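Dear colleague,

I am passing a structure on to you below, together with some notes on what turned up when I went through it. Please read the notes with the structure open beside them.

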Amino acid sequence: MGRDGSSHVSNQVKAESAALGFRVKSGWAAAVLLSGPVRSPRLCDSRVIDLSDARFPETRQPYHAAIGKLETDPVKIRARLRIVRRVTRQSIAKLLVEYRGFVIRRAVLVIGSQIDPASIANPHIRAHALEGQLFRLVLEQALNAHGIRTTILLERDAYDKATSRLRKSNVDLRSTIQNFSQLIDGPWRAEQKLAALAAWFALYQDANI
């Protein structure tokens, strides 16, 4: 068990197919690894990964200058974005080293919104939108660099899309995902549940290439 309360994978004798799901937040993400079969997936791991550097708190909200204000200094923004990209690449590389007993081809990312930040007039709301866009993109890029294909789901309709693809009722999906909590000692909150749903969706995609 890791210090962050995560459930870590055990050594695998033979590589098996698995898929990743993420609930992307500002500066971090909940990550869940599931293996098949699609009809009855198995929880292999649940943890939180860094997308920002705790030594530089400003990298968690790199487009914020102060409470309620948009950062406009391009030098500060570029420096923060370099750190975000570096940390995200390191987090994914570390994750995949620990998952080397699995063959992972697909990942699904659950995000809050895909609204274009340029369309938002309010500077504070635009900062949040820029950060949402940033952390999604850098995580996708880090995964793609390892040959893992990515798909985006919006939180508001993630369960509806999953019920359609997986041909299970919303109740059955939520019940199965909730039962995963019995297999770990770490947190199993809304973020972990959405990451598990995303991983299940990714398993389906992988099985239906």
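A residue is called buried here when its relative accessible area is under 20%. By that cut-off, 14 of the 18 residues of helix α5 are buried, so this helix is largely enclosed by the rest of the structure. Please keep in mind throughout that this is a predicted model. The mean pLDDT of the chain is 92, and 93% of its residues reach 70 or more. Over residues 1–5, however, the pLDDT is below 50, although this stretch has 11 contacts in the model beyond near neighbours in sequence.

To return to helix α5, which covers residues 190–207, its length can be checked in a simple way: at 1.5 Å a residue, its 18 residues should span 26 Å, and because its end C-alpha atoms are 26 Å apart, the two values agree. Helix α5 lies across β1 (16–24), β2 (28–35), β3, β6 and β7, and it runs at about 140° to β1.

These strands bring us to the sheet, an open one in which 5 strands follow the order β3-β2-β1-β6-β7 with mixed pairing. Its edge strands are β3 (42–50) and β7 (149–154), each of which pairs on one side only. Neighbouring strands of this sheet are turned by 20° against each other on average, with direction ignored. Strand β6 (residues 102–111) runs parallel to β7 and is joined to it by 6 bridges, and Ile111 stands opposite Leu154 in β7.

Two residues deserve a separate look. Asp45 lies in strand β3 and, at 0% relative accessibility, counts as buried. The side chain of Asp45 is joined to that of Arg47 by a polar contact of 2.7 Å, and a polar contact of 2.4 Å joins the side chains of Asp45 and Tyr99.

Thr88, for its part, is found in helix α1 (residues 74–98), and it is buried, with a relative accessible area of 0%. Which residues is Thr88 in contact with, leaving aside its neighbours within four places in sequence? They are Asp50, Leu51, Val138, Leu139 and Ala142. Thr88 and Val32, which are 56 residues apart in sequence, are 16 Å apart in space, taken from C-alpha to C-alpha.

With best regards

Definitions and conventions: Residues numbered from 1 in each chain as written. Predicted model: local features only at pLDDT ≥ 70, side-chain atom pairs only at ≥ 80, totals over all residues. Heavy atoms only, no water. Helix = DSSP H or I, 4+ residues; strand = E, 2+ residues; numbered from the N terminus. Buried < 20%, exposed > 50% of the residue type's maximum accessible area, 1.4 Å probe, protein only. Contact = heavy atoms within 4.5 Å. Pairing = 2+ DSSP bridges. Axes fitted to C-alpha atoms, helices over the stretch in contact; angles between N-to-C directions. pLDDT = per-residue confidence, 0-100. Expected span 1.5 Å × (residues − 1). Polar contact = N/O pair within 3.5 Å; in protein donor to acceptor, adjacent residues only side chain to side chain.
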